Amino acid sequence: MDLATVFQVYSYGLPARPDDIKRLCQIYPDIPAGYFEMVKEMTNLVLLWNRHGELRLWGPEQVVVMDQAYGVSAAIPGAMPYGDNGGGELLVHGVGPAGLATYLVDTGSLFLDEDAPLVAPDLQQLLHTAQGAELIFKSDQISEKDIGPPRFEEGQYR
């Protein structure tokens with residue numbers, strides 16, 4: 001998985017299991033380009049952007065759990081939530097004003113409309129070029145001395 005140099009891996013988990021990937025394909029009709037590339041290497045990836053945090057990209061198991069918790073695909077048929085910024089906003093891949101793409105959706109307003117900004121066409125574009133990163137990463141910059149090497153976390157979704 002290639003990341004734009006402005007991203008830094010903060011933490012990550014084990015690669016996705018083939019059965020979890022298969023289940024995801026059965027549930028969601030449109031999975032963003034770059035998603036499988038990522039989860040075959042690692043899941044539950046947390047990224048910083050120019051030392052601003054955070055973007056949490058979920059593994060297949062967590063996608064299903066978080067979708068059920070927030071009711072994203074029930075409110076937006078065919079949409080797949082696959083990450084969040086820790087600030088009450090989700091990355092949702094679905095059909096919105098700009099067509100099939102990834103949008104930033106507030107958890108209190110589950111609509112792909114003019115209030116949901118287009119982040120990037122897909123995860124691959126976001127990770128390779130940082131397109132839309134300024135929309136996602138809203139926290140204060142983290143001091144370089146407070147950032148260590150990436151942490152490996154098995155997490156609760158295994």
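## Aromatic pairs and a helix contact

Tyr-35 counts as buried, because its relative accessibility is 0%. This description concerns a predicted model.

**Aromatic rings.** A pair of aromatic rings is described by the distance of the centres and the angle of the planes. There are five aromatic pairs in the structure. Two of them involve Tyr-35 and are listed below, one with Phe-36 and one with Tyr-82.

| Aromatic pair | Centre to centre | Angle between planes | Geometry |
|---|---|---|---|
| Tyr-35 and Phe-36 | 6.0 Å | 70° | edge-to-face |
| Tyr-35 and Tyr-82 | 6.2 Å | 75° | edge-to-face |

The pair of Tyr-35 and Tyr-82 joins distant parts of the chain, 47 residues apart: Tyr-35 belongs to helix 2 (residues 35–39) and Tyr-82 to strand 4 (residues 80–84). Tyr-82 has a relative accessibility of 0% and therefore counts as buried. Phe-36, in contrast, counts as partly exposed, because its relative accessibility is 25%. A single aromatic cluster is formed by Phe-7, Trp-49 and Phe-137.

**Helix packing.** Two packed helices are described by the angle between their axes and the distance between the axes. Helix 1 (residues 18–27) packs with helix 3 (residues 60–70) at an angle of about 40°, and their axes are 8 Å apart. The two helices are therefore oblique to each other. On the side of helix 1, the contact is made by Asp-20, Ile-21, Arg-23, Leu-24 and Ile-27; helix 3 contributes Pro-60, Glu-61, Val-63 and Val-64. Of the residues in this contact between helix 1 and helix 3, six are nonpolar, three are charged and none is polar.

Definitions and conventions: Residues numbered from 1 in each chain as written. Predicted model: local features only at pLDDT ≥ 70, side-chain atom pairs only at ≥ 80, totals over all residues. Heavy atoms only, no water. Phe/Tyr/Trp six-rings, centres within 6.5 Å; stacked < 30°, edge-to-face > 60°. Buried < 20%, exposed > 50% of the residue type's maximum accessible area, 1.4 Å probe, protein only. Helix = DSSP H or I, 4+ residues; strand = E, 2+ residues; numbered from the N terminus. Axes fitted to C-alpha atoms, helices over the stretch in contact; angles between N-to-C directions. Parallel < 35°, antiparallel > 145°, perpendicular 65-115°, else oblique. Contact = heavy atoms within 4.5 Å. Nonpolar A, V, L, I, M, F, W, Y, C, P; charged D, E, K, R; others polar.
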